[in-house]
Amino acid sequence: MDLKIRTKKFAHQSVKLAVSLPDTKLGNHIERQLIRCSTSVAANYRAACLAQTKKGFVSKLSIVIEEADESIFWIQFLKDENLKDNKETREVLQEAKELTTIFISSRITASKNI
């Protein structure tokens with residue numbers, strides 16, 4: 001699957017998860033954080049694809065990695081706090097981990113070619 005489509009799908013799944021959290025101070029905080037970082041994965045990957053230089057690509061990819069890893073943190077955190085732990089949560093977490101791995105490998109490859 002094209003990574004632009006995959007990251008956008010990940011953002012949608014993460015937003016769906018985030019808005020399903022309980023309406024508490026913690027739930028609302030995690031909701032905002034997860035929406036911000038997961039949508040940033042998709043937006044910054046699109047920006048990376050438009051980079052004019054390899055250095056620019058690597059720089060944007062680094063942001064994508066940071067945001068994907070932050071998504072992992074917030075999903076794990078909400079699970080730790082027993083706010084949500086179901087099949088969808090585990091699938092979104094797995095996708096975040098896979099995307100992070102893919103983008104780390106891409107950054108390593110792209111950095112070698114600079």
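Reader: How many helices and how many strands does the protein chain have?
Author: Welcome! This is a predicted model. Its protein chain has 4 helices and 0 strands. Read from the N terminus, the elements follow the order α-α-α-α.

Reader: How much of the protein chain is buried?
Author: Buried residues account for 37% of the 114 residues. To be called buried, a residue needs a relative accessible area under 20%. The accessible surface of the chain comes to about 6,600 Å², and 52% of that belongs to carbon and sulfur atoms.

Reader: Among contacts between residues at least 6 apart in sequence, what share joins residues at least 24 apart?
Author: That share is 72%.

Reader: Why is the pair R6 and E95 called a salt bridge?
Author: The cut-off is 4 Å between a side-chain nitrogen of Lys or Arg and a carboxyl oxygen of Asp or Glu. For R6 and E95, the closest N and O atoms are 2.5 Å apart, so the pair is a salt bridge. R6 sits in helix 1 (residues 3-19) and E95 in helix 4 (residues 87-112), so this pair ties together parts that are 89 residues apart in sequence. Both R6 and E95 are buried.

Reader: How many salt bridges does the count come to by this rule?
Author: The count comes to 7 salt bridges. One of them joins R36 and E67, with the closest N and O atoms 3.2 Å apart. R36 belongs to helix 2 (residues 25-49) and E67 to helix 3 (residues 54-80), so the two tie together parts 31 residues apart in sequence.

Reader: Why does E67 count as buried, while R36 counts as partly exposed?
Author: E67 has 13% relative accessibility, so it counts as buried, given that buried means under 20%. R36 has 37% relative accessibility and counts as partly exposed, a class that lies between under 20% and over 50%.

Reader: Which residue meets R36 in a salt bridge at 2.4 Å, N to O?
Author: That residue is E70. E70 lies in helix 3 and R36 in helix 2, so the pair ties together parts that are 34 residues apart in sequence. With a relative accessible area of 22%, E70 is partly exposed. Elsewhere, salt bridges that share partners join R6, E95 and E98 into one network.

Reader: How far apart are the mean positions of the positive and negative charges?
Author: There are 19 positive and 14 negative charges in the protein chain, and their mean positions are 7 Å apart.

Reader: How do you know whether T89 is buried or exposed?
Author: T89 has 0% relative accessibility, so it counts as buried. You can find T89 in helix 4. Leaving aside residues up to four places away in sequence, T89 touches L17, I75, L78, K79 and K84.

Reader: Why is D69 called partly exposed?
Author: D69 has 43% relative accessibility, so it counts as partly exposed. D69 lies in helix 3. The C-alpha atoms of D69 and K97 are separated by 7.5 Å, and the two residues are 28 residues apart along the chain.

Reader: Where is S105 found, and what makes it partly exposed?
Author: S105 is found in helix 4. At 39% relative accessibility, S105 counts as partly exposed. S105 and K4 are 101 residues apart in sequence, and 16 Å apart in space from C-alpha to C-alpha.

Notes
Residues are numbered from 1 along each chain as its sequence is written. This is a predicted model: local features need pLDDT of at least 70, side-chain atom pairs count only at pLDDT 80 or more; totals for chains, interfaces and linings use all residues. Side-chain values use heavy atoms; hydrogens and water are left out. Buried means under 20% relative accessible area, exposed over 50%, partly exposed in between (1.4 Å probe, protein chains only). Contact means heavy atoms within 4.5 Å. Accessible areas come from the Shrake-Rupley method with a 1.4 Å probe; for residues, only the protein chains shown count as cover. Lys and Arg count as positive and Asp and Glu as negative; His and the chain ends are not counted. The place of a charge is taken as NZ of Lys, CZ of Arg, CG of Asp or CD of Glu.
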